[in-house]
Amino acid sequence: MAEGCAWLLVLLTVFLCNLFKTQLPSLSTIRHVNIPLQASGCGENKHSAVKARTGQQAKIKWVVSIVFYVLQAALMVSLIWKYYSEPVMVLPSKWIAPLERLVAFPTGIPGAVGITCWLVVCNKVVALMLYPIS
Amino acid sequence: MATLGNIENLSTDVLMTASQRKAEIRRRKLINNSEERMNRIMGIHKPPGNVEECEMEQCGYPGSLKVQPSLTELGTILVGDNKTSSDQPWGIADGIESYTAPADSGQSSDLKKDGSVLKKKKDVTIESTPQGLNQYITRFDEAMKLRNQLGSEKPAPENGSGVEELDSFSIFRLVGSAILALTVRLFVCKYLSIFAPFLTLQLAFMGLSRYFPKGEKKTKTTVLTAALLLSGIPSEVISRSLDTYGKMVEVFTELCVYFFTFIFCHELLLYFGTENQ
């Protein structure tokens with residue numbers, strides 16, 4: 001059952017990653033709202049406070065983005081490592097002729113669907129599904 | 001006799017300064033045009049150096065001659081000479097040379113160098129500068145247009161997977177691919193490869209495209225397209241390449257949707273098949 005659900009596991013992982021990516025800007029905005037305004041009253045102090053807040057917001061956004069991309073890269077590498085020689089699913093080889101070898105990469109098993117092909121397909125489809133949200 | 005000689009020298013000096021003055025005015029006009037153009041491209045708003053020209057005309061003082069003109073200015077000087085005076089094709093150069101001859105006591109070395117450089121330049125660039133300048137001017141104009149376009153266009157929203165804007169025909173194609181994948185999984189896959197019906201579908205879409213309203217695809221001016229345009233590649237070639245690339249991306253997206261739908265249906269059928277068993 002676990003092997004039969006490999007395609008679903010990869011699909012859900014890609015979906016969560018892309019969903020989190022679309023929500024990244026809103027996450028950094030939430031952090032920004034929580035930071036209270038320190039200065040008030042005098043014009044110059046207010047201007048410098050706004051400037052400081054904008055800079056802080058940009059830094060937080062930058063840090064959050066970097067952390068996210070590092071985690072995403074680690075997740076993808078771990079998936080590829082796990083399913084490098086193991087097919088995500090197996091189909092009759094004549095169904096996917098003449099692209100059997102390309103689809104089966106890197107497993108090399110005729111009729112298998114390899115992790116790279118499935119990752120690319122899932123990424124494209126999930127991006128399309130999340131297009132209205134993004 | 002001495003007075004006659006003095007008068008003659010005076011008149012030649014006056015003549016030289018007048019011709020020099022005219023040459024200098026012409027040169028400054030050309031330089032100001034190219035400067036203006038460069039400033040417009042770079043977004044610097046400076047008034048052109050017309051004040052110097054007025055001063056030159058009024059005072060008749062050739063002393064404000066630019067000592068070390070840039071290559072561009074040298075080119076413009078040469079072309080300006082070729083275009084403006086047929087009797088004196090090397091008016092400015094000669095003017096500078098003749099200016100250097102009596103003014104040995106003044107800025108002699110630098111002006112002599114300019115004169116010799118101009119002489120060499122005129123021999124080599126006489127035929128190529130008009131064409132080269134036209135090319136240069138057209139590229140400046142293109143660069144300015146691109147700069148305005150880049151400035152006026154809104155920044156594209158961040159999109160990690162690079163999904164293009166979906167119009168009605170794109171949505172129709174994607175839905176068609178999904179429906180075909182379902183049909184192929186249910187009825188066709190036992191008999192032939194799943195990619196054969198997909199290719200047939202693409203051919204059908206090519207024929208159907210003329211019946212759908214074509215939305216005006218605005219060519220996005222990016223840094224890449226700007227760099228390609230400025231490097232001399234014609235805009236038609238760039239737009240055709242971008243169109244071809246866009247179509248390839250569309251077909252790849254439809255293939256991904258088709259394959260995903262096929263696999264999804266296959267797995268669902270397997271799951272429900274095992275459940276029924």
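Residues 104–131 of chain A are 57% helix and 7% strand, and the end C-alpha atoms lie 29 Å apart. Helices (H or I, at least four residues) and strands (E, at least two) are DSSP runs, numbered from the N terminus. This is a predicted model: local features need pLDDT of at least 70, side-chain atom pairs count only at pLDDT 80 or more, and totals for chains, interfaces and linings use all residues. Residues are numbered from 1 along each chain as its sequence is written, while chains are lettered from A and ligands numbered from 1 in the order in which they are written.

An unreviewed UniProt entry lists residues 6–24, 62–84 and 104–131 of chain A as "transmembrane region". Such annotations may be inferred rather than shown by experiment; positions follow the numbering used here and feature names are shortened. Residues 62–84 of chain A are 91% helix and 0% strand, with end C-alpha atoms 32 Å apart.

Chain B has the annotation too, at residues 194–212 and 251–272 (unreviewed entry). Residues 194–212 of chain B are 74% helix. Residues 251–272 of chain B are 100% helix.

Where do the chains meet? The contact (C-beta atoms, placed from the backbone, within 7 Å) takes 17 residues from chain A and 16 from chain B. Helix H10 (residues 235–276) of chain B gives the largest share of the chain B side, seven residues.

A:Trp118 touches A:Trp7, A:Val10, A:Val88 and A:Val113, leaving aside residues up to four places away in sequence.

Terms used. Contact = placed C-beta atoms within 7 Å.
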